[in-house]
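Please open the structure in a viewer and keep the selection tool at hand.

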Amino acid sequence: MLAPATFSPVADATEQPQELVFRMPDPSPITDYAVAVITEVYKELGIEISFVEMPRDRSLTEANKGHISGELGRLPNIGDEFTNLVRVDFPLFDSRVLLVADRRDCGLCNFEAIESYAYIGGTHSVENVIAQQTVEKPSIKVVNFEQLQMLYENDRVQAVIVNDFEAQQLRSISSPYTITVPYTRNTGYHFLYKDYAYLVPQVEAILARMAANDRLREIARATGAEMLAAPMVSNTSEFGSISITAGLRENYIELDGSGYYWELMRRVFTPASSEVELFANGPTRAYLGYVDERFDIFVGDYTVATQDHSITSRNHIDFDEGLFLFARDEETLTQLQAGEHPRPICHIRSFSYSYLFPESTTFYAADDQLDCFAMLDMGRVAGVIDYGNQAPEWGEYPYKVAQLRDPLPLHVKFRNDARGHGLRDWFDSELRRLVESGEIAEIYTEEMLQRSKFYLNMPKVNSPQGTP
């Protein structure tokens with residue numbers, strides 16, 4: 001990004017300017033993209049661009065006065081209020097406004113469930129979303145992204161409201177507990193002060209040519225900017241037949257199609273398809289079948305294990321019971337955690353747990369958890385990784401147990417293609433509707449509503465007994 005320029009008013013623009021000055025945007029891949037694009041456009045016109053530091057909510061006023069040359073990327077109708085700004089009629093980028101919070105604190109984390117939030121002043125897309133809310137919560141308006149992140153990560157506020165490209169810069173964004181709730185989708189446009197209106201047709205023509213010859217795509221790849229996919233058509237009948245798979249789990253995923261998660265999938269997808277097919281199997285076979293593209297959807301996975309071929313639901317369906325390590329004695333348990341035992345640790349084939357142990361640890365992947373415990377009893381493996389702290393009752397020994405991690409949210413996975421994105425968006429929207437309407441209580445038990453934190457987003461009359 002270009003270095004800051006000395007702040008000075010725009011000179012009389014009766015002839016081709018040598019330099020244009022804009023507010024320096026907060027760094028992110030999408031703003032790096034916008035800067036690179038605009039720099040290249042004006043370089044072709046023989047004009048240098050530079051940047052000055054100033055608060056976001058001040059720059060529009062300064063641009064409208066002609067003290068700076070315009071705005072890099074703003075909402076398309078900003079010229080209605082700031083009438084001296086002329087829009088370059090070419091969409092520069094699309095973005096979404098997101099509410100970002102910790103799902104352990106507020107479940108699906110709508111405005112009703114959060115206690116407080118922060119936002120960057122002068123971000124009109126964010127301020128428009130806030131203005132549309134029917135509930136008022138304590139809020140803090142900050143000057144820049146650094147202040148926003150400090151407030152959020154020091155627990156001064158429970159949520160932040162930001163554009164998606166800014167949310168990606170939060171240090172906690174990759175945490176499995178972080179939830180992003182999408183609100184409005186917006187398009188960013190470049191604006192120039194009215195004295196430079198004669199440049200607008202030239203800038204539009206260059207941008208159109210850059211789009212046609214894929215130059216904009218090249219810049220996006222170089223800067224790491226992720227462009228939003230085109231919105232899916234809302235006609236959900238286009239989903240047709242939907243196939244869903246999951247690993248067997250008593251009371252949740254049964255072979256006969258019964259179970260809490262199966263009922264949730266039916267309730268969500270039946271209105272959006274011609275047929276919903278449910279396929280239960282062992283965890284490994286179910287997941288491999290999904291990877292081999294024999295199924296559209298996989299139920300019961302984690303955000304920490306998403307590969308390029310998949311996308312994960314934003315909303316969780318539940319929390320697991322935590323992850324535990326089982327061994328036959330305390331000494332072995334200690335050695336395994338230190339990576340000092342010669343025998344491997346057994347786990348289900350579908351998942352990888354190497355990130356929880358030293359590099360020297362060896363693993364054995366089995367198709368069934370009971371096989372792991374059988375090999376533990378025979379001394380063929382030194383430990384077993386399993387969910388919950390209950391081992392099979394037929395074990396010869398009272399196993400020693402150590403917790404490896406806290407419970408993690410469980411998600412639904414979809415194919416990383418246009419149809420998969422449409423199915424994911426439908427799922428997130430419909431699950432949120434079921435929870436916020438209270439209909440989820442017809443599917444989940446009170447224990448599940450508590451564990452998933454969904455009770456925090458339900459109407460008070462539908463909340464489980466004893467909950468606020």
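**Stop one: the second largest cavity**

Select Q335, L336, G339, E340, H341, R343, S360, T361 and T362, which line the second largest cavity. The space inside is about 30 Å³. By class, this lining has 1 nonpolar, 6 polar and 2 charged residues; Ala, Val, Leu, Ile, Met, Phe, Trp, Tyr, Cys and Pro count as nonpolar, Asp, Glu, Lys and Arg as charged, and the others, Gly among them, as polar. A cavity is a set of points, on a 1 Å grid over the protein atoms alone, where a 1.4 Å probe fits but cannot get out, and lining residues have an atom within 4 Å of a point. Grid points are joined across faces, edges and corners, and a volume is the space filled by probe spheres set on the points.

The model is predicted: local features need pLDDT of at least 70, side-chain atom pairs count only at pLDDT 80 or more, and totals for chains, interfaces and linings use all residues. Residues are numbered from 1 along each chain as its sequence is written, and side-chain values use heavy atoms, with hydrogens and water left out.

**Stop two: the largest cavity**

The structure holds 2 cavities of 30 Å³ or more, and the largest has a volume of about 370 Å³. Select G73, R74, F93, N163 and F165, which are the closest to its centre of the 23 residues that line it. Strand β3 gives the most to this lining, with 4 residues. Helices (H or I, at least four residues) and strands (E, at least two) are DSSP runs, numbered from the N terminus. The lining comprises 7 nonpolar, 10 polar and 6 charged residues.

**Stop three: aromatic pairs**

Rings of Phe, Tyr and Trp (its six-membered ring) pair if their centres lie within 6.5 Å; planes under 30 degrees apart count as stacked, over 60 as edge-to-face and the rest as tilted. The count comes to 20 aromatic pairs. Select Y287 and F298: their ring centres are 5.1 Å apart and their planes stand at 80°, so the pair is edge-to-face. Y287 lies in helix α10 and F298 in strand β12, so the pair ties together parts that are 11 residues apart in sequence. Both Y287 and F298 are buried (under 20% relative accessible area, with a 1.4 Å probe and protein chains only).

Next, select F111, Y117, Y119 and Y183, which ring pairs link into a cluster.

Notes. 1 Å grid on protein atoms, 1.4 Å probe; cavity = no way out; pocket = protein on both sides within 12 Å on 5 of 7 lines; lining within 4 Å. Buried < 20%, exposed > 50% of the residue type's maximum accessible area, 1.4 Å probe, protein only.
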